Amino acid sequence: MLSTGKTVTDEPIVYPTGAPAKITAVEITLEPGQQTGWHQHPVPLFGYILEGELTVDYGPFGKRTYRQGEGLAEAMNEAHNGRNTGTGVLKILAVFIGAEGVPDTTRASPPAR
């Protein structure tokens, strides 16, 4: 599905240190037109599109669209906003490779363009 050492915005993948490792897997569901809201990830995140179409706005890094069956190493420490741009439900398997006490996701302001 995916083998990389860099995120979709070409950052090197860096694992958190100083705390025990913690892996969290969640399924994210968005209805057509629904958005994630601007956020960022301080930990590595592997995403896999189980169903539907996701378009992510990475601000100055542009927009990218991911479809069913595609995997991605999501941007770290870069604000981004995902939107279901398909006609049906979007389902994403998100696997965070984090550490105890480190949040997987934090809210962020939209980046300057």
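Modeller: A residue is called exposed when its relative accessible area is over 50%, and buried when it is under 20%. One more point before we start: this is a predicted model.

Biologist: Why does Ile-23 count as exposed?

Modeller: Its relative accessibility is 64%, and the cut-off for exposed is over 50%. Ile-23 therefore counts as exposed.

Biologist: Where is Ile-23 placed, and what is it in contact with?

Modeller: Ile-23 belongs to strand S1. Setting aside neighbours within four places in sequence, Ile-23 has contacts with Val-95 and Phe-96. Contact here requires heavy atoms within 4.5 Å. As for Gln-40, 17 residues away along the chain, its C-alpha atom is separated from that of Ile-23 by 17 Å.

Biologist: What is the order of the strands in the open sheet?

Modeller: The sheet has 4 strands in the order S1-S8-S3-S6, and the pairing is antiparallel.

Biologist: Why do strands S1 and S6 stand at the edges?

Modeller: Strand S1 (21-30) and strand S6 (71-73) each have a single partner strand, so one side of each has no neighbour in the sheet. On average, and ignoring direction, neighbouring strands of this sheet are turned by 20° against each other.

Biologist: How do you know that S3 and S6 pair?

Modeller: Pairing needs at least two bridges between two strands. Strand S3 (residues 45-51) is joined to S6 by 3 bridges, so the two strands pair. They run antiparallel.

Biologist: What makes the largest nonpolar core a core, and which residues are in it?

Modeller: Its members must be buried nonpolar residues, joined through side-chain atoms within 4.5 Å. The largest such set has 11 residues, among them Val-8, Leu-30, Ile-49, Tyr-58, Leu-72, Ala-75 and Ile-92. Strand S4 (53-57) and strand S8 (90-99) each supply at least two residues of this core.

Biologist: Which residues does Ala-75 touch?

Modeller: Leaving out residues up to four places away in sequence, Ala-75 touches Thr-7, Val-8, Thr-9, Glu-11, His-41, Tyr-58 and His-80. Val-8 and Tyr-58 are also listed in the largest core.

Biologist: What makes a space a pocket rather than a cavity?

Modeller: A pocket is an open set of points, whereas from a cavity the probe cannot get out. The largest pocket holds about 330 Å³ of space. Its lining has 20 residues, with Ile-28, Thr-36, His-39, His-41 and Leu-45 nearest the centre.

Biologist: Which element gives the largest share of that lining?

Modeller: S8 does, with 4 residues. Elements that give two or more residues include S3, strand S7 (81-84) and strand S9 (106-107).

Note on methods
Residues are numbered from 1 along each chain as its sequence is written. This is a predicted model: local features need pLDDT of at least 70, side-chain atom pairs count only at pLDDT 80 or more; totals for chains, interfaces and linings use all residues. Side-chain values use heavy atoms; hydrogens and water are left out. Axes are lines fitted to C-alpha atoms, for helices over the stretch in contact, and angles run from 0 to 180 degrees between N-to-C directions. Buried means under 20% relative accessible area, exposed over 50%, partly exposed in between (1.4 Å probe, protein chains only). On a 1 Å grid over the protein atoms alone, a cavity is a set of points where a 1.4 Å probe fits but cannot get out, and a pocket is an open set with protein on both sides within 12 Å along at least five of seven lines; lining residues have an atom within 4 Å of a point. Grid points are joined across faces, edges and corners, and a volume is the space filled by probe spheres set on the points.
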